[in-house]
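Here are my notes on the model. Please read them with the sequence and the coordinates open.

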Amino acid sequence: MVFVRLTIFVLFFKWRVSTALTVISDGTTTVRAMWTMSIAGELWFALMWVLDQLPKMQPVRRTVYVTALEEPRLPTMDVFVTTTDPEKEPPLVTVNTILSILAADYPPDKLTCYVSDDGGALLTREAVAHAACFARLWVPFCRKHGVEPRNPEAYFCPGVKARVVSRADYMGRSWPELARDRRRVRREYEELRLRIDALHAGDVRPQQWSRGTAENHAGVVEVLVGPPGSTPELGVSDLLDLSSVDVRVSAV
């Protein structure tokens, strides 16, 4: 197809240039200038198309080495979540972004999530702190049942019919417990949403958790979830059976 189009281009420009030369020889200065600019523009776009086709002449084919995906060989990864104004960037959206990162299918000891709040808003800090507590339930739940998507707002979809997972598509460990665990985790997530909404509506909104204003304040660093160890940890929970699930959560 590239060569066919190239042939059509050559024939087209042969006709175009011959026609233009005939018109220019008998036309005024304005006509000559317009035809010259028109042909120059068409030649430029033709050149750009030719350059765009060159990589297709010798495409690069890469090979995926499965051994590189083994857990001991995976690199450490830092993910930064930036925010500045809880009024323009709802804390619930930031919270769901953080929970999605923490629940990623990646070794928890090699993943770290950093939340950078340039505005230093106490509301954002408190919302992230609540999210860190909920993550200790949400992350093991995702691991146990192979939850997708791992954004709780998208997974539970309030107001939309519940997602139905067939047994053939189920990638978790305990199919009979899926419905029960889902109800319990959803109830905890609804409570998290209510707490964040209460924070947003309360007196905590205009304050700063560091001295100064949103535009000029001292830097504050806080660890909400410490870095986990490299050894899987089986957990115990009053809500879910996590006796065979790694409950480690990445650092925040």
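In what order do the elements of the protein run from the N terminus on? They run α-α-β-α-β-α-α-α.

1. Basis. This is a predicted model, in which local features need pLDDT of at least 70 and side-chain atom pairs count only at pLDDT 80 or more, while totals for chains, interfaces and linings use all residues. Residues are numbered from 1 along each chain as its sequence is written, and side-chain values use heavy atoms, with hydrogens and water left out.

2. Overall content. The protein has six helices and two strands. Helices (H or I, at least four residues) and strands (E, at least two) are DSSP runs, numbered from the N terminus. Of the 252 residues, 31% are buried. Buried means under 20% relative accessible area, exposed means over 50%, and partly exposed is in between (1.4 Å probe, protein chains only). Take the contacts between residues at least 6 apart in sequence: 72% of them join residues at least 24 apart. Contact means heavy atoms within 4.5 Å.

3. The UniProt record, an unreviewed entry, annotates residues 1-20 as "signal peptide". UniProt positions are given in the numbering used here, feature names are shortened, and annotations may be inferred rather than shown by experiment. In the model this span is 95% helix and 0% strand. Its end C-alpha atoms lie 28 Å apart. Further on, Val 31 sits in helix 2 (residues 29-57). Val 31 is partly exposed, at 28% relative accessible area. Its C-alpha atom is 9.8 Å from that of Ala 20, 11 residues away along the chain.

4. Nonpolar core. The largest nonpolar core has 37 residues. Such a core is a set of buried Ala, Val, Leu, Ile, Met, Phe, Trp, Tyr and Cys residues joined through side-chain atoms within 4.5 Å. Leu 99, Leu 102, Trp 138 and Val 185 have the most contacts inside this core. At least two core residues come from each of helix 3 (91-102), strand 2 (111-117), helix 4 (122-145), helix 5 (152-156) and helix 6 (178-201). Helix 4 gives the largest share, 11 residues.

5. Helix 4 against helix 6. Their axes come within 10 Å and cross at roughly 175°. Axes here are lines fitted to C-alpha atoms, for helices over the stretch in contact, and angles run from 0 to 180 degrees between N-to-C directions. The crossing angle makes helix 4 roughly antiparallel to helix 6; the cut-off for that term is over 145 degrees. On the helix 4 side, the contact includes Leu 123, Phe 134, Trp 138 and Phe 141. On the helix 6 side, it includes Leu 178, Val 185, Leu 192 and Ile 196. The residues of this contact divide into 13 nonpolar, three polar and six charged. Ala, Val, Leu, Ile, Met, Phe, Trp, Tyr, Cys and Pro count as nonpolar, Asp, Glu, Lys and Arg as charged, and the others, Gly among them, as polar.

6. Val 225 and Val 249 both deserve a look. Val 225 lies in the segment after helix 6, and Val 249 is also found there. Val 225 is buried at 3% relative accessibility; Val 249 is buried at 4%. What does Val 225 touch, not counting residues up to four places away in sequence? Its partners are Ala 132, Arg 136, Val 249, Ser 250, Ala 251 and Val 252. Val 225 and Val 252 are 27 residues apart in sequence, yet 5.0 Å apart C-alpha to C-alpha. Val 249 has Leu 102, Pro 108 and Ala 135 among its contacts beyond four places in sequence.

7. Annotated site. The unreviewed UniProt entry marks Lys 88, Glu 89 and Asp 118 as "binding site". They are spread over 31 residues of sequence but cluster in space, with a largest C-alpha distance of 13.2 Å. Lys 88 is in the loop between strand 1 (77-83) and helix 3. Lys 88 counts as exposed, at 70% relative accessibility. Asp 118 is in the loop between strand 2 and helix 4.

8. Cis peptide. The bond from Glu 148 to Pro 149 is cis, with omega near -5°. Pro 149 is placed in the loop between helix 4 and helix 5.

Terms used: Angles under 35 degrees count as roughly parallel, over 145 as roughly antiparallel, 65 to 115 as roughly perpendicular and the rest as oblique.
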